[in-house]
Amino acid sequence: MKTLKIVELSKNFGSTEVLRKINLEIDEGNFLVLLGPSGCGKSTLLNIIAGLETINEGNVHIDDYNVSKVEPKDRNIAMVFQSYALYPSMNVRENMIFGLKQAKVSKEKIEEQLEKVSKFLQVNALLERKPSQLSGGQRQRVAIGRALVREPRIFLFDEPLSNLDAKLRVEMRREIKKLHQQLKTTVVYVTHDQTEAMSLGTNIAIMNHGVIQQNDTPENIYNKPSNTFVADFIGSPSMNLLKGNLKESSNKVSFITHGSNIEIPINGYDFKEKFNLDNKEVFFGIRPEHIFFKKSNENDFEVNLRADLSEYIGHEQIMTFNFENQEVLAKFPSTVKIDLSKNTKLFFDLTQISLFDAKTEERI
Amino acid sequence: MQDKIHSSYKQLEQKSKYTNMFLRWFLYFVLVIFALYFIFPLYVMVVTSLKTMEEIRQGTLLTWPSGLNFDSWLVAWGGRGYGAGDTFLKPYFWNSIKMVVPAVFFSTFIGAMAGYVLTKWRFKGDKWVFLFLLFGCFIPYQAILLPMARTLGVLGISNSVIGLVLVHTVYGIPFTTLFFRNFYVSIPSELVKAARIDGAGFFKIFFKILLPVSTPIIVVTIIWQFTQIWNDFLFGSTFSFGEAAPIQVALNNMVLSSTSVKEYNVDMASAIIAGIPTLIVYVLAGKYFIRGLTSGAVKG
């Protein structure tokens with residue numbers, strides 16, 4: 001049984017297509033993050049799961065029951081919003097029990113739930129306060145508490161941390177992670193922040209233009225991005241994508257950029273389909289953190305590049321190199337001294353590369 | 001070198017000090033002039049209403065009254081106590097109250113509901129509905145007099161307070177809707193979403209969640225509607241006469257129908273009485289008026 005299953009779901013607002021043939025599945029207890037740039041349809045998808053938006057095509061199943069025509073309140077879900085959406089005229093207690101009162105839960109049960117959750121979230125001292133008297137972090141806690149008291153099957157989070165300042169955001173992120181570890185509930189979490197997505201998700205679905213680009217574990221998303229969009233979106237700075245051609249001779253594949261004599265051997269790469277590789281136009285992808293200033297393993301590819309720019313950011317520095325007139329960024333510890341405008345010996349870790357078809361932009 | 005720079009700074013400092021001082025005094029001067037200009041008619045009204053006819057004839061407009069003489073106020077409110085032709089404000093004052101209270105209540109309530117629907121329960125064509133409502137704000141009163149008279153006639157409520165309540169309610173809805181719509185636009189729709197997930201329905205969300213935070217705009221709407229309806233003369237004089245007339249119509253009749261001498265003191269007292277309720281509303285709720293008009297989002 002899948003806790004949440006979305007089948008061939010499409011949605012448009014007028015003539016604009018917002019979601020196109022979305023298929024998703026979540027197992028019990030998993031934490032799915034919907035990640036993407038603004039306007040990619042991730043929030044719309046969440047609203048559809050909640051029942052707040054109508055569907056044009058396709059279905060949403062919760063516990064294998066088609067809930068496409070079920071009211072939000074009957075879907076056994078709870079949602080936490082970006083603006084917290086606490087009812088301004090009610091105090092914390094009333095905010096938290098509003099849903100239970102609507103559902104006509106008995107008074108004893110309501111009190112029991114309220115006590116359990118408010119203790120758990122450490123908001124029991126705030127119960128009589130109005131939302132306007134709470135700090136951002138406290139509001140967030142109450143909003144989560146309001147969702148928790150309902151004991152839903154699925155938690156929906158709509159960018160819950162984006163209204164907090166940087167420090168609090170990291171704290172609340174850890175709290176949400178802890179919460180999930182303790183309660184083991186199923187979560188769907190929308191964000192545009194890749195760090196949030198990576199650190200929280202057991203699964204990440206990366207979306208762009210209403211289409212899921214890749215739905216995978218954080219490790220696979222990072223190591224094996226399925227197309228150039230994912231490769232570019234994840235990582236900071238993002239993956240270097242060098243344009244060039246593959247060359248295949250006597251079963252050995254290598255990569256050459258246009259008009260250059262640097263030939264990068266590609267031996268250990270796990271091709272999806274290993275034919276017609278010769279002369280194929282591709283993007284050679286390598287992350288800045290997989291370029292080293294000294295040899296890290298046997299297969300490292302050694303190359304001399306000119307350093308053009310250095311960005312110091314405290315614990316590390318981002319260097320820009322010139323690779324046959326294409327920019328290559330590398331991340332080094334800030335203790336390393338590299339002279340600008342001079343050639344430096346660099347090592348590409350070839351076990352960590354990705355190759356993409358230059359036409360389809362898909363991983364090959 | 002440094003001394004030279006410093007002394008030039010000093011000169012400029014002095015200069016701007018004098019300029020600022022002059023501008024400040026000029027500002028006060030202008031403000032005082034305007035204040036006198038605006039208070040002058042009120043002064044004349046109050047002073048005249050406290051004089052006897054004898055004093056009015058002998059003194060000038062500005063002459064101080066000989067004492068606090070409220071006789072003309074009593075006459076304006078309760079009449080002289082003789083039968084026919086004795087027009088006084090009391091019954092019409094209550095007519096106006098009976099008209100203004102329900103009309104303000106209904107137009108405000110319907111406007112709040114409409115604003116709620118237009119912002120939080122969007123439907124196909126809602127923009128057009130709002131546009132047509134806005135159009136209602138710009139239709140001149142005179143243009144609807146005839147059709148409205150016919151409508152009231154068909155409904156059998158012409159020349160009645162109920163008829164006036166209906167007219168003012170209908171005519172107020174475009175304004176009240178506009179106020180409430182603009183206010184509710186600034187309230188995050190996520191509140192409504194959260195409430196829907198919590199299981200609250202259309203009315204529950206309105207009454208429990210939106211209405212409690214609407215105080216500023218409710219006050220603005222009430223002041224606006226109260227002033228409009230209380231001060232209205234055209235609808236009152238067109239759709240009612242005699243006993244059903246509101247106070248502004250009665251005031252007009254009273255001032256115009258005097259037989260022999262113009263009793264300026266009674267006229268002035270009547271005019272002040274007719275204006276007092278709106279003054280009270282402003283004084284009680286005025287601070288909300290500015291706040292409500294300028295308020296942005298009500299943050300949770």
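Trp230(B) counts as buried because 22 C-beta neighbours lie inside 10 Å; the class requires 20 or more other C-beta atoms within 10 Å of the residue's own, with C-beta atoms placed from the backbone. This is a predicted model, in which local features need pLDDT of at least 70 and side-chain atom pairs count only at pLDDT 80 or more, while totals for chains, interfaces and linings use all residues. Residues are numbered from 1 along each chain as its sequence is written, and chains are lettered from A in the order in which they are written.

**Surroundings of Trp230(B)**
- Helix α10 of chain B, residues 215-231, contains Trp230(B); helices are DSSP runs (H or I, at least four residues) numbered from the N terminus.
- Beyond neighbours within four places in sequence, Trp230(B) is in contact with Ser96(B), Val100(B), Pro277(B) and Thr278(B), contact being C-beta atoms, placed from the backbone, within 7 Å.
- Tyr264(B) is 34 residues from Trp230(B) along the chain, and their C-alpha atoms are separated by 23 Å.

**Interface between chains B and A**
- In this interface, 16 residues of chain B are in contact with 21 residues of chain A.
- Helix α8 of chain B (residues 190-197) supplies the largest share of the chain B side, 6 residues.
- That side has 9 nonpolar, 2 polar and 5 charged residues (nonpolar: Ala, Val, Leu, Ile, Met, Phe, Trp, Tyr, Cys and Pro; charged: Asp, Glu, Lys and Arg; polar: the others, Gly among them).

**Domains of chain A**
- Chain A is divided into domain 1 (4-233) and domain 2 (240-357), with bounds from an automatic or database domain assignment.
- The contact between these domains takes 5 residues from domain 1 and 5 residues from domain 2 of chain A.
- The centres of the two domains of chain A, taken over C-alpha atoms, are 39 Å apart.

How values were computed. Helix = DSSP H or I, 4+ residues; strand = E, 2+ residues; numbered from the N terminus. Buried ≥ 20, exposed ≤ 12 C-beta atoms within 10 Å, placed from the backbone. Contact = placed C-beta atoms within 7 Å.
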